[in-house]
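Welcome! Let's take a friendly walk through a protein model, one region at a time. Keep the structure open beside you as you read.

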Amino acid sequence: LPVTTQGSQQTQPPQKHYGITSPISLAAPKETDCILTQKLIETLKPFGVFEEEEELQRRILILGKLNNLVKEWIREISESKNLPQSVIENVGGKIFTFGSYRLGVHTKGADIDALCVAPRHVDRSDFFTSFYDKLKLQEEVKDLRAVEEAFVPVIKLCFDGIEIDILFARLALQTIPEDLDLRDDSLLKNLDIRCIRSLNGCRVTDEILHLVPNIDNFRLTLRAIKLWAKRHNIYSNILGFLGGVSWAMLVARTCQLYPNAIASTLVHKFFLVFSKWEWPNPVLLKQPEECNLNLPVWDPRVNPSDRYHLMPIITPAYPQQNSTYNVSVSTRMVMVEEFKQGLAITDEILLSKAEWSKLFEAPNFFQKYKHYIVLLASAPTEKQRLEWVGLVESKIRILVGSLEKNEFITLAHVNPQSFPAPKENPDKEEFRTMWVIGLVFKKTENSENLSVDLTYDIQSFTDTVYRQAINSKMFEVDMKIAAMHVKRKQLHQLLPNHVLQKRKEGVKLTALNDSSLDLSMDSDNSMSVPSPTSATKTSPLNSSGSSQGRNSPAPAVTAASVTNIQATEVSVPQVNSSESSGGTSSESIPQTATQPAISPPPKPTVSRVVSSTRLVNPPPRSSGNAANSGNAATKIPTPIVGVKRTSSPHKEESPKKTKTEEKTSSTDLSDIPALPANPIPVIKNSIKLRLNR
């Protein structure tokens, strides 16, 4: 690929000016930079970020076959629509790629984002019918599925073992020439909005490659930054962190500011620039241009909603968009803190005080905070689970947004990795996934027994998900969401053995200073569902059966409210001024690069008690399970606190109906002598914490 930019008036590339400001430094690399860059490459290799030449050739071959299929299909369509033979012979049609593959930074086994570009006489309906049927006939094609109603309609398939997503764009051209440049804005005239959206990925990727001074240096730097972001759990557009294109634009901006630097320097400068960046000033790779096509573009002067974006990174192709509109106060705080940590580590690497491997050590998310919320999504079949998990995941940022608006919460950090959760009932077919959100509570002074009720935040989140599932006709019986509060010391019960061992190492490392954040363990693997039964301090079941309202003062025993919820109480003792704690305001940004300022809250003491928990139309197995595990429960000297998970919503009823049902057709479980220690009980949707100061 050419290093110089097309359309450049200068003949000498070094004099070419990239970006909207002049460079910070034009310094050429020194010998030490070259050695460090070579060491960086060696460090990256074991992580699988480079693909073997053989695998790359296989991808090129597959894309060639796909390209020929597109040309063949367009010729057939043209013939069926009786176009002149002279047009049919030159009708063209082409597969373009975008995303990580087009940028040249895809990892081993990564999927390919592709775009099928067709002339004006080929309709989108043809793409989803005759082209879909043509793909179905190919023996190399497996797992073929069309998602025609998506925001950006797509055909997904696995071609000879490589996953490919194909978008469709119909241009207002009679033929598609081989040398078509999709960066040409005039191509967007008279196009339908779905075609414009489909073209956007290719246009943005191509612009990025034309806006960096040296593509090879850009690629190596981006590979390093993407790996770092994934290892540090901050790579996810959908959850409010940054996705691939956003990371690419930040690296591209760094390359523009240091046009002659090589990867080892650029990685360091990346952290330098963005740990000190004054958000919400936008990151721009070029001055936005107006094309008079009347498409909505990111412009806070015109659109009031754009003024609320916290970390704007603007795509360089018309219509310019903010690629990070999902970023929240919490996710920005987490990312800025990680930039500062990255700067501290790369400072050490440049001084030969550390190796590159230190940058890619994964911090242990499950040691980082003292309080967690666990979200569980379950469905009766694997196919339904995939759909349900997709919907729930796309809404988690709404929950994070609600939590961080709570006056007592400084930070809500969702881990982008989801984990398989064990079945609630081994005899029943059920597929469960969970996400973990770390919480930091604010230090508040001159206040005692503060009640923090997160019930409303959780309930509005679950209602939103159920409502969307029902409106989109996706909802099936037994698709469920539940939320529970878990403390760090309980997490060891939730993690599979391979993670548990790593966690134990983490405990040894942090034993000297329990509030420290020196977490270098690998947390790439999964964890499973918490068990409040054996982890919490227990107290006898109260069988009064009374039900507390959501806003009532937190009593010694908090009962399930009418929304059929177990309440959780956490008492947080008075904090010593010397003890590490979260910041004082939700906007506070850590000031030092070496010492993490996002610290866990002080050690709480937990009491989890249930006075009555009611089941909506409880399945027959409920009492059976309680009886079966009664023996295990009675061996433990102190009484076990248990909560049976509810079915919500039940039997084709909407969630709103379920709530009213709960008032009438519910069974009091307080008369069951011993609730099960196993299977793990799940707290349904209500989280009330009492903070004693």
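## A buried aspartate and its partner

Asp165 is buried, with a relative accessible area of 17%. The cut-off explains the label: buried means under 20% relative accessible area, so Asp165 at 17% falls on the buried side. Keep in mind that this is a predicted model.

Which residue does Asp165 pair with in a salt bridge? The partner is Lys156, and the closest N and O atoms of the two are 3.3 Å apart. Lys156 itself is partly exposed, with a relative accessible area of 26%.

## Two annotated binding-site positions

Next, have a look at two positions from a database record. In an unreviewed entry, UniProt places the feature "binding site" at Asp111 and Asp113. Such annotations may be inferred rather than shown by experiment.

Asp111 sits in the loop that runs between helix H4 (99-103) and strand E2 (112-118), while Asp113 lies in strand E2. Asp111 counts as partly exposed at 32% relative accessibility, and Asp113 also gets the label partly exposed, at 21%. Leaving aside residues up to four places away in sequence, Asp111 touches Arg59, Glu163 and Asp165. With that exclusion again, Asp113 touches Phe96, Thr97, Phe98, Gly99 and Asp165. So the buried Asp165 from the opening section turns up in the contacts of Asp111 and in those of Asp113.

## Salt bridges elsewhere in the model

How many salt bridges does the count come to? The count is 25. One of them links Glu55 with Arg58, where the closest N and O atoms are 3.0 Å apart. Both residues lie in helix H2 (residues 53-80), three residues apart, which is about one turn of the helix. Glu55 is partly exposed, with a relative accessible area of 24%, and Arg58 is partly exposed at 27%.

Another salt bridge joins the side chains of Arg194 and Asp192, at 3.3 Å from N to O. Arg194 counts as partly exposed at 34% relative accessibility, as does Asp192 at 32%. Salt bridges can also share partners: in this way Lys81, Asp123, Asp126 and Arg170 are joined into one network.

## A look at helix H13

Helix H13 covers residues 455-471, which makes 17 residues. From its first C-alpha to its last it reaches 24 Å, close to the 24 Å expected at 1.5 Å a residue.

Several residues of H13 are buried, among them Ile458, Phe461, Val465, Tyr466 and Ala469. The buried list also includes Thr455, Asp457, Gln459, Thr462 and Asp463. After the helix comes Lys473, whose phi is positive, near 60°.

The chain averages a pLDDT of 75, and 68% of the residues score at least 70. Over residues 1-13 the pLDDT is below 50, and this stretch has 19 contacts in the model beyond near neighbours in sequence. Residues 503-684 also have a pLDDT below 50, and there the model shows 438 contacts beyond near neighbours in sequence.

What should a reader do with such stretches? Where pLDDT is low, the predicted coordinates should not be read in detail.

Definitions and conventions:
Residues numbered from 1 in each chain as written. Predicted model: local features only at pLDDT ≥ 70, side-chain atom pairs only at ≥ 80, totals over all residues. Heavy atoms only, no water. Salt bridge = Lys/Arg side-chain N within 4 Å of Asp/Glu carboxyl O. Helix = DSSP H or I, 4+ residues; strand = E, 2+ residues; numbered from the N terminus. Buried < 20%, exposed > 50% of the residue type's maximum accessible area, 1.4 Å probe, protein only. pLDDT = per-residue confidence, 0-100. Contact = heavy atoms within 4.5 Å. Expected span 1.5 Å × (residues − 1).
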